[in-house]
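Welcome, and please open the structure in your viewer. Could you set it to a cartoon view and keep the selection tool at hand?

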Amino acid sequence: MDIADFKRLAPYFKKTEHVILQGWGEPLLYKDLIDAVRAVKAEGAQVGFVTSGKGLNRGIISELIDSGIDFIGFSFAGATPKTHNFIRLNSDLEVLLANICLFNETKAGEKLSRPRLHIVCLLLRDNISETPALIELAKEIGIKDVILTNLIHITNGWQEEQRIFTCSDSPQKGYMKILKEAETKAKELNINLSLPSLSPTDVPVCEENPLRNLYISVDGEVSPCVYLYPPGQPRFRRIYCGSENHIEKVSFGNVFRESFSSIWNKKDYVEFRGCFMRRQADIKKIYSGFLAPPQHCRTCHKMLGV
């Protein structure tokens with residue numbers, strides 16, 4: 001996003017709690033990242049992003065700290081270089097670990113508590129066995145918070161084979177055992193561990209919570225959720241519990257062409273949110289199948305509570 005356009009969003013930042021500088025790309029590649037962070041902080045919101053950590057150095061770390069950034073997540077795909085580097089193409093685990101240590105050293109040298117650093121790890125069949133080791137690794141590099149996530153946006157056969165959650169009520173016990181071991185390890189090492197569900201559960205509103213969150217694309221399109229507006233063509237492929245679907249991208253308006261309030265109050269957007277509000281208000285109707293989520297969300301794994 002052009003930084004001039006980004007700054008046009010500034011009046012809205014003061015009405016938010018958090019601004020995540022994250023979409024479908026790598027935040028550290030954004031040449032105006034520091035200016036964007038400062039623009040958010042000037043309006044009083046908290047700001048952060050998730051990154052591969054590639055390209056970090058002492059200078060960039062100092063700039064990020066000086067900008068006032070509140071939190072940074074580092075994306076892991078395993079606890080060993082062999083696994084991480086195979087899954088995260090063009091990423092080097094040893095470099096990532098060195099950069100995190102450099103970040104923590106810089107914070108310690110300046111006696112700073114911010115930004116808060118955490119690990120985000122995408123759970124896959126190819127890396128779940130390394131989850132307990134990841135907890136130990138987090139302890140070694142001075143990270144206290146680890147968030148494990150499921151593969152939600154599935155668009156090809158390899159991804160479908162890699163997901164570890166089931167669409168039935170019977171999660172694979174082997175995977176559950178590994179995560180239980182990781183949970184025990186986290187308690188021993190005083191690591192805050194966030195675990196996803198591996199089997200579906202009825203949720204009135206998905207974790208993305210479009211009642212309180214939204215996504216703005218680089219060209220200003222306002223969507224309820226990042227998973228409803230992937231880059232590319234107007235229709236996108238989504239594999240849901242093994243079945244292939246083609247979904248229309250969802251935008252309720254462009255914030256650079258009309259005010260946010262007019263977009264938020266559009267009939268279609270109000271109805272979209274109203275569907276979730278009705279689900280919140282009457283859980284019994286969800287269990288009986290009378291209150292489905294919005295059409296575009298019915299084939300999203302987030303609605304399974306995973």
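Here is a tour of this predicted model, going from the whole chain to single residues.

**The whole chain**

Start with everything selected. The protein chain has twelve helices and ten strands. Its radius of gyration is 20 Å, close to the 19 Å that the globule rule gives for 306 residues, so the chain is as compact as a globular protein of that length. Along the principal axes, the C-alpha atoms fill a box of roughly 55 × 50 × 35 Å. Of the 306 residues, 48% are buried.

In which order do the six strands of the open sheet run? They are arranged 1-2-3-4-5-6, and the pairing is parallel. The edges are strand 1 (18-20) and strand 6, each of which pairs on one side only. Look along the sheet and you can follow a twist that averages 20 degrees from one strand to the next.

Show His18 and you will find its bridge partner in strand 2, Gln46.

Move on to residues 145-149, strand 5. In a regular strand the side chains alternate between the two faces of the sheet. Show the side chains here: Val146 and Leu148 form the covered face, while Asp145, Ile147 and Thr149 form the uncovered one.

On one pairing, strand 4 (residues 116-122) joins strand 5 in the parallel sense over four bridges. Zoom in on Ile119, which stands opposite Val146 in strand 5. To get from strand 4 to strand 5, the chain crosses through helix 7 (residues 131-140), and this β-α-β crossover is right-handed.

Strand 5 also pairs with strand 6 (residues 192-194), again in the parallel sense, over three bridges. Select Asp145 and Asn192 to see two residues that stand opposite each other in this pairing.

**Helix 7**

Return to residues 131-140 and show the side chains. Which residues of helix 7 are buried? They are Thr131, Pro132, Leu134, Ile135, Leu137 and Ala138. An α-helix has 3.6 residues a turn, so residues three or four places apart point the same way. The buried residues of helix 7 pack against several elements, including strand 3 (71-76), helix 6 and helix 9 (173-189). Just after helix 7, click on Gly142, where phi is positive, at about 80 degrees.

**A last stop: Leu97**

Finally, select Leu97, which lies in helix 6 (residues 93-109). Is Leu97 buried or exposed? Its relative accessible area is 12%, and buried means under 20%, so Leu97 counts as buried. Leaving out residues up to four places away in sequence, Leu97 touches Phe76, Leu137 and Ile141. Draw a distance line to Ile141: this residue is 44 residues from Leu97 in sequence, yet the C-alpha atoms are 7.2 Å apart in space. For the chain as a whole, 67% of the contacts with a separation of 6 or more link residues 24 or more positions apart.

Terms used. Residues numbered from 1 in each chain as written. Predicted model: local features only at pLDDT ≥ 70, side-chain atom pairs only at ≥ 80, totals over all residues. Heavy atoms only, no water. Buried < 20%, exposed > 50% of the residue type's maximum accessible area, 1.4 Å probe, protein only. Pairing = 2+ DSSP bridges. Right-handed = clockwise from strand over helix to strand, strands pointing away. Axes fitted to C-alpha atoms, helices over the stretch in contact; angles between N-to-C directions. Rg over C-alpha atoms; globule rule 2.2 N^0.38 Å. Contact = heavy atoms within 4.5 Å.
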